[in-house]
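Please look at the sequence and the structure first, then read on.

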Amino acid sequence: MSRLLDLLEEERRKLNQLGEASLKQAIPLWDSPAVQEQSRRVEELVARVSEMKARHNRVVQ
């Protein structure tokens with residue numbers, strides 16, 4: 001799980017960097033394919049982390 005959290009944090013950093021670069025160029029975030037793709041990656045990782053936490057909570061209870 002630690003590896004997954006590290007990966008999520010790295011992908012979030014990339015998303016923030018892409019978002020900042022896009023805004024500096026006056027490109028709306030929704031018009032940037034790179035930002036949208038990175039956002040999807042982050043969303044997938046967040047879902048995986050949530051799923052793992054839910055599984056862990058069911059086992060602990």
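Ala26 counts as exposed because its relative accessibility is 65%; here buried means under 20% relative accessible area, exposed over 50%, and partly exposed in between, with a 1.4 Å probe and protein chains only. Ala26 sits in the loop between helix 1 and helix 2. Helices are DSSP runs (H or I, at least four residues), as strands are (E, at least two), and they are numbered from the N terminus. Ala26 is not a glycine, yet its phi is positive, at about 60°. Most residues other than glycine have a negative phi, and most peptide bonds are trans.

This is a predicted model, in which local features need pLDDT of at least 70 and side-chain atom pairs count only at pLDDT 80 or more, while totals for chains, interfaces and linings use all residues. Residues are numbered from 1 along each chain as its sequence is written, and side-chain values use heavy atoms, with hydrogens and water left out.

**The helices and the core**

Does the length of helix 2 agree or disagree with what its residue count predicts? The expected span of a helix is 1.5 Å times one less than its number of residues. Helix 2 has 28 residues and should therefore span 40 Å; its end C-alpha atoms are 41 Å apart, which agrees. In helix 1, Arg3 has its C-alpha atom 30 Å from that of Leu23, 20 residues apart along the chain. Arg3 counts as exposed because its relative accessibility is 60%.

The largest nonpolar core consists of 7 residues: Leu4, Leu8, Leu15, Val35, Val42, Leu45 and Val49. Helix 1 (2-24) and helix 2 (33-60) each supply at least two residues of this core, and helix 2 gives the most, with 4 residues. A nonpolar core is a set of buried Ala, Val, Leu, Ile, Met, Phe, Trp, Tyr and Cys residues joined through side-chain atoms within 4.5 Å.

The buried residues of helix 2 are Val35, Gln38, Ser39, Val42, Leu45 and Val49, and what covers them includes helix 1. With neighbours within four places in sequence left aside, Val49 is in contact (heavy atoms within 4.5 Å) with Met1, Leu4, Leu5 and Leu8.

Ser22 is part of helix 1. Its relative accessibility is 4%, so Ser22 counts as buried. Not counting residues up to four places away in sequence, Ser22 touches Ile27, Pro28, Leu29, Ser32 and Val35.

**Salt bridges**

Side chains of opposite charge can pair when their charged atoms come close. A salt bridge is a side-chain nitrogen of Lys or Arg within 4 Å of a carboxyl oxygen of Asp or Glu. By this rule the count is 5 salt bridges.

| Pair | N to O distance |
|---|---|
| Glu11 and Lys14 | 3.4 Å |
| Glu37 and Arg41 | 4.0 Å |
| Arg55 and Glu51 | 2.4 Å |

Glu11 and Lys14 are 3 residues apart in helix 1, so about one helical turn separates them. Glu11 counts as buried because its relative accessibility is 8%, whereas Lys14, at 33%, counts as partly exposed. Glu10, Glu11 and Lys14 are linked in a network of salt bridges.

Glu37 and Arg41 both lie in helix 2, 4 residues apart, about one turn of the helix. Arg55 and Glu51, also in helix 2, are 4 residues apart and so separated by about one helical turn. An α-helix has 3.6 residues a turn, so residues three or four places apart point the same way.
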